[in-house]
Amino acid sequence: MLVAGIKSRPVYGGLNIDRHAMRHLFALEGEGALAVLDQVKAVGPDFLKHADILYAASGSKDQEHDRKLAALGADTFWLAPTIPVLLNRLNVMLGQAHMGAHIHLAGTEGFIGQAQQVAMNHGVDPASLHTEHRGSTARRVQCVHCKGITDNVTTSPYACSACGLSLLVRDHYSRRLGAFQGVCIDAEEPGSAPKPEELFP
Amino acid sequence: MTINTEMKVRVTEIRQVADKVKRFRFERAGGGPMPVFSGGAHVIVSMRDGKALRRNPYSLMSSPEDTKGYEISVLRVENSRGGSAFLHEKLKEGDELVLSQPVNLFPFDQRGKKHIMMAGGIGITPFIAMMEQMERGGKAFELYYAVRTRSHGAYWKELQQRYGAHRVKIYCDAEKLFIPVGKILANQPLGTHLYVCGPAGMINGVLGKASELGWPRQNLHAEEFLAPPPGKAFQVRLAKSNRAIDVAPHQSILEALEANGVDAPYLCRGGACGQCETGVVSCDGGLEHNDHFLEPDEKASGKKIMICVSRITGNAVTLDL
């Protein structure tokens, strides 16, 4: 069960290398590594001379995408142990960045949403970010009742990791929070929630 | 429908502020406050000049929080269609005029971390109100102001005194000093927005340079009001109301409609806002698109026209009005 057809649902335009960009900053997670590898195949490796790559392997550790990224020979490459550590570094780098630098985000929706929040705090318009969804379709969802955020939600309904309510996942998305909204599905008759469906593998 | 609750005002002060530039202050004819506006806003000034009714947009340059009155600065244009000549030569202190509510098509982006403004000549006016608002809000900003000569440039001295020469930089054509656009834009922190107001050539040059340096279009803002260019006379036919109205060489379609009592929608009257977009049913010649609003493919389609500034090359056009 999913509430779809809501305008705020993000659309990811895909990475593209603008030849006018002075610098490229890539924040990548999991399968997001492949988005850059595909760009190198498509437009050649020249842009890597002016590129910084931050990578967190997350669920695709076993694929060793980090080794392929490191071998690209970008200006800088940094492997982060976790997403929060990567976001912290991204925040510091954006604080020193100049206009003309292009920001590229690729990976799961939850990761893109959180990295976008960091960029927005630096006054970056989300529409000027290059984003590409790769990997799992699992979602980051906020419980609209207790405001608890649950990462990697794959079913709807799901049990809120903070308050335990059964939440229906809606396509209603908050850019400010970088999360979809989950609404209690059995408020009138607690315990009557339908069985969770695996919707976001 | 046009949202246009008009305000009757009295001219309370006229002052020559530079060569060919006069400042006008308007206060409500019946007393009472004017609405607060935001920096970058403009009003449409309606002028009764003999038989002609002129309506021109002017940027507000007074403090956005000064609700006692509004101020505009007007350059006396050679070969003017009549608006600037009327304001400079006929309008006197104590006269009454009609203003529209303020409309802002050139606001600054409140999310920005820093704001760079580039003005050419009389294009300085919206930035005066903007800087007032930015200063109050503690926003980081810089103004780069190009003038022909120091005596032609309005307000540069006052602005430098108020905000400091480190934030207000003057470039004088006559002294062979030009805004070093590339150098400025190559070295701005992430989250900077750029605003340009001046002649079309300057706007295109600056925005083109910014794009070359990788600035995303979300951070680029410009405003240029066009005076409706003159052309040859033609006839406008209104499909819905089944009327035919003649457009004179120095009249825009919108002005011709208004002169004949047709209440067509408009906001900026300068080809920028899109409010007066009108469907074209048929046209016996080409459309002369003079606006900044329609996309190139819309212009090429021949199905839409901005009646505030655009004309036709043929003899008659039928509009969906």
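This report describes a predicted model with chains A and B, going from whole chains to domains, cores and strands.

## Chains

The overall values for the two chains are set out below.

| Chain | Residues | Radius of gyration | Buried share | Helices and strands |
| Chain A | 201 residues | 18 Å | 44% | four helices and 13 strands |
| Chain B | 321 residues | 20 Å | 43% | seven helices and 18 strands |

For chain A, a compact globule of 201 residues would have a radius of gyration near 17 Å, and the 18 Å of the chain agrees with that. The C-alpha trace of chain A spans about 60 × 35 × 30 Å along its principal axes. When contacts in chain A between residues at least 6 apart in sequence are taken, 70% of them join residues at least 24 apart.

Chain B has seven helices and 18 strands. Its radius of gyration of 20 Å is close to the 20 Å that the globule rule gives for 321 residues, so chain B is as compact as a globular protein of that length. Along the principal axes, the C-alpha atoms of chain B fill a box of roughly 60 × 50 × 35 Å. Of the contacts in chain B between residues at least 6 apart in sequence, 68% join residues at least 24 apart.

## Domains

Chain A is assigned domain 1, covering 23-133, and domain 2, covering 137-198. Taken over C-alpha atoms, the centres of these two domains of chain A are 28 Å apart. Eight residues of domain 1 of chain A and eight residues of domain 2 of chain A take part in the contact. On the side of domain 1 of chain A that touches domain 2 of chain A, one residue is nonpolar, six are polar and one is charged.

The assignment for chain B gives domain 1 (7-99), domain 2 (114-223) and domain 3 (234-319). The centres of domain 1 of chain B and domain 3 of chain B, again over C-alpha atoms, lie 27 Å apart. Their contact involves five residues of domain 1 of chain B and four residues of domain 3 of chain B. Strand β4 (residues 52-59) of chain B supplies the largest share of the domain 1 side, with three residues. The residues on that side of domain 1 of chain B comprise two nonpolar, one polar and two charged.

## Contact between the chains

Where the two chains meet, 19 residues of chain B and 17 residues of chain A are in contact. The chain B side of this contact consists of seven nonpolar, nine polar and three charged residues.

## Nonpolar cores

Which residues touch the most other members of the largest nonpolar core? They are B:Met117 and B:Leu143, in a core of 125 residues. Leaving aside neighbours within four places in sequence, the contacts of B:Leu143 include B:Met117, B:Ala119, B:Phe127 and B:Met131. B:Leu143 is also in contact with B:Leu159, B:Arg167, B:Val168 and B:Lys169. Another core, of 13 residues, lies apart from the largest one, and A:Val141, A:Cys143, A:Cys160 and A:Phe180 are among its members.

## Strands of chain B

Is strand β10 (residues 192-197) of chain B largely enclosed or exposed? Six of its six residues are buried, so β10(B) is largely enclosed by the rest of the structure. In a regular strand, side chains alternate between the two faces of the sheet. Both faces of β10(B) are covered, with B:Thr192, B:Leu194 and B:Val196 buried on one side and B:His193, B:Tyr195 and B:Cys197 buried on the other.

Strand β10(B) has parallel pairings with two strands, described here in turn. Strand β7 (residues 114-120) of chain B is joined to β10(B) by six bridges, and B:Lys114 has B:Thr192 as its bridge partner. Strand β11 (residues 220-223) of chain B is joined to β10(B) by four bridges, with B:Glu223 as the bridge partner of B:Cys197.

An antiparallel pairing is found between strand β12 (residues 234-238) of chain B and strand β13 (residues 243-247) of chain B, over five bridges. Here B:Leu238 has B:Arg243 as its bridge partner. The hairpin of β12(B) and β13(B) has four residues between the strands, and B:Asn242 takes a positive phi near 55 degrees.

Key:
Residues are numbered from 1 along each chain as its sequence is written. Chains are lettered from A and ligands numbered from 1 in the order in which they are written. This is a predicted model: local features need pLDDT of at least 70, side-chain atom pairs count only at pLDDT 80 or more; totals for chains, interfaces and linings use all residues. Domain bounds come from an automatic or database domain assignment. Two residues are in contact if their C-beta atoms, placed from the backbone, lie within 7 Å. Ala, Val, Leu, Ile, Met, Phe, Trp, Tyr, Cys and Pro count as nonpolar, Asp, Glu, Lys and Arg as charged, and the others, Gly among them, as polar. The radius of gyration is taken over C-alpha atoms; the globule rule is 2.2 Å times the number of residues to the power 0.38. A residue is buried if 20 or more other C-beta atoms lie within 10 Å of its own, exposed if 12 or fewer, and partly exposed in between; C-beta atoms are placed from the backbone. A nonpolar core is a set of buried Ala, Val, Leu, Ile, Met, Phe, Trp, Tyr and Cys residues joined through C-beta atoms within 7 Å. Two strands pair if DSSP finds at least two bridges between them.
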